Amino acid sequence: MRVGVALGSNLGDRLENLRLARHALARISGVGEPLLASAVYATDPVDCEEGANEFHNAVIEFAYDGDPRVLHRQMKTIESALGRPADHGRNVSRAIDIDLLYAGAMEIQNEGLKVPHPRMLTRRFVLQPLAEIHPDLVLPGQQKPVSELLAGLDHSFTVVRLTNDWS
């Protein structure tokens with residue numbers, strides 16, 4: 001199955017944090033090629049504490065042969081290794097944020113994991129990089145492709161392409 005993952009960072013060396021997370025994800029058992037990666041975007045913080053730094057965000061997609069719940073647990077381990085403790089508050093500045101956006105056509109709804117990610121459809125900083133790598137993707141439970149969902153979002157939120165080269 002194809003899996004989409006959002007990466008974000010607004011503390012420390014944000015670009016390096018994204019690179020480290022990308023490389024760690026690529027080393028997980030069951031992750032395969034091709035790995036598609038959007039550009040990195042600078043985005044305003046959403047629902048964070050006052051004075052929070054802008055985020056660097058990107059989306060990657062890769063083949064995955066395994067259980068998405070196992071992948072999600074491994075993603076949390078990577079976050080911890082990169083400086084985000086398990087008890088880190090929601091919507092607080094962070095060195096790394098790794099979110100499982102979708103896992104093929106699967107729908108998972110439990111207390112620890114919701115796939116497709118429930119807030120991705122309202123987040124320009126997720127849909128814009130996703131539309132860059134997979135504009136025709138129709139997510140489970142949706143009728144429109146990602147590019148159309150993006151077009152329907154509020155354009156007042158700042159999302160600026162920073163770099164294509166972050167491998």
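1. A residue is termed buried under 20% relative accessible area, exposed over 50%, and partly exposed in between, with a 1.4 Å probe and protein chains only. By that criterion strand E4 is mostly covered, with 9 of its 10 residues buried. Helices (H or I, at least four residues) and strands (E, at least two) are DSSP runs, numbered from the N terminus.

2. On provenance, this is a predicted model, in which local features need pLDDT of at least 70 and side-chain atom pairs count only at pLDDT 80 or more, while totals for chains, interfaces and linings use all residues. Residues are numbered from 1 along each chain as its sequence is written, and side-chain values use heavy atoms, with hydrogens and water left out.

3. Strand pairing around E4 deserves attention; two strands pair if DSSP finds at least two bridges between them. E1 and E4 run antiparallel and are joined by 8 bridges. Phe55 of E4 is the bridge partner of Thr43.

4. E1 also pairs with E5, in the antiparallel sense, over 6 bridges. Val5 stands opposite Leu100 in E5. E5 is mostly covered, since 6 of its 7 residues are buried.

5. Helix H3 is largely enclosed by the rest of the structure, because 9 of its 10 residues are buried. Among the buried residues of H3 are Arg124, Phe125, Gln128 and Ile133.

6. The largest pocket has a volume of about 800 Å³. Of the 38 residues that line this pocket, Lys76, Asp97, Asp99, His117 and Arg119 are the closest to its centre. The terms rest on a 1 Å grid over the protein atoms alone: a cavity is a set of points where a 1.4 Å probe fits but cannot get out, a pocket is an open set with protein on both sides within 12 Å along at least five of seven lines, and lining residues have an atom within 4 Å of a point. Grid points are joined across faces, edges and corners, and a volume is the space filled by probe spheres set on the points.

7. At least two lining residues of the largest pocket come from each of strand E1 (2–9), strand E4 (55–64), helix H2 (68–81), strand E5 (97–103) and helix H3 (124–133). The lining divides into 15 nonpolar, 11 polar and 12 charged residues. Here Ala, Val, Leu, Ile, Met, Phe, Trp, Tyr, Cys and Pro count as nonpolar, Asp, Glu, Lys and Arg as charged, and the others, Gly among them, as polar.

8. The bond from Glu33 to Pro34 is cis, with omega near -5°, and Pro34 has its place in strand E2. Val115 and Pro116 are likewise joined by a cis peptide bond, with omega about 0°; Pro116 lies in the loop between strand E7 (114–115) and H3.

9. Ala86 lies in the loop between H2 and E5 and counts as exposed, at 85% relative accessibility. Ala86 and Lys76 are 10 residues apart in sequence and 7.4 Å apart in space, C-alpha to C-alpha.

10. Arg22 lies over the face of Trp166, at 4.5 Å from the ring centre. A charge sits over a ring if NZ of Lys or CZ of Arg is within 6 Å of the ring centre and within 35 degrees of the ring normal.
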